[in-house]
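Here's a quick tour of one part of a fold, written for someone who has the model open.

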Amino acid sequence: MAESQSNADIIKEIRTKFVGKWKMVESNNFEAFLKEMDAPFLARKMVSTMKPDCEISIIDDQVRIYMSAMVKSQEFLFRFGETFDQDMPHGKAKLHPTFVDGKIVFDVDPVDSKHKKHKMIREIKDGKLILTLEAGNTVATRIFERA
């Protein structure tokens, strides 16, 4: 968590900038990211064609990020600075959420060592929600507009 901001200030900033419903409008290099994550070929092809919706909300002092596509949904419910366990498409992982420079950042550490560490960064640029995914030297972006 950014030391200069209290949790209440962070929640207020997220409520102002991030909260709402978002629809994906663009995806760049996502299949390469999935390949870097060792996703099987058919899964990469299927998942890379999906256009998920995203809903970000505040529940008490927690942030909720809900991603949904035709066949799969995923929910993250968290407090900044508190590590939590999450079922991910590639297995169980420990997520470390922080809020840095106006960005929601997840450092993802797989529980199973055969999977790779990666990072998910959400930020608002020009009124769009940008999800940046980083694994190894591979970077992908998924761009969302308000629904």
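Strand β3 (residues 62-68) is mostly covered, with five of its seven residues buried. Buried here means under 20% relative accessible area, exposed means over 50%, and partly exposed is in between (1.4 Å probe, protein chains only). Strands (E, at least two residues) and helices (H or I, at least four) are DSSP runs, numbered from the N terminus.

Keep in mind that this is a predicted model: local features need pLDDT of at least 70, side-chain atom pairs count only at pLDDT 80 or more, and totals for chains, interfaces and linings use all residues. Residues are numbered from 1 along each chain as its sequence is written, and side-chain values use heavy atoms, leaving out hydrogens and water.

Two strands count as paired if DSSP finds at least two bridges between them.

| Strand paired with β3 | Sense | Bridges | Residues in the hairpin link |
|---|---|---|---|
| β2 (residues 53-59) | antiparallel | seven bridges | two residues |
| β4 (residues 73-78) | antiparallel | six bridges | four residues |

In the hairpin of β2 and β3, D60 takes a positive phi near 55 degrees. Over on the β4 side, Y66 has E75 as its bridge partner.

M46 is partly exposed, with a relative accessible area of 49%.
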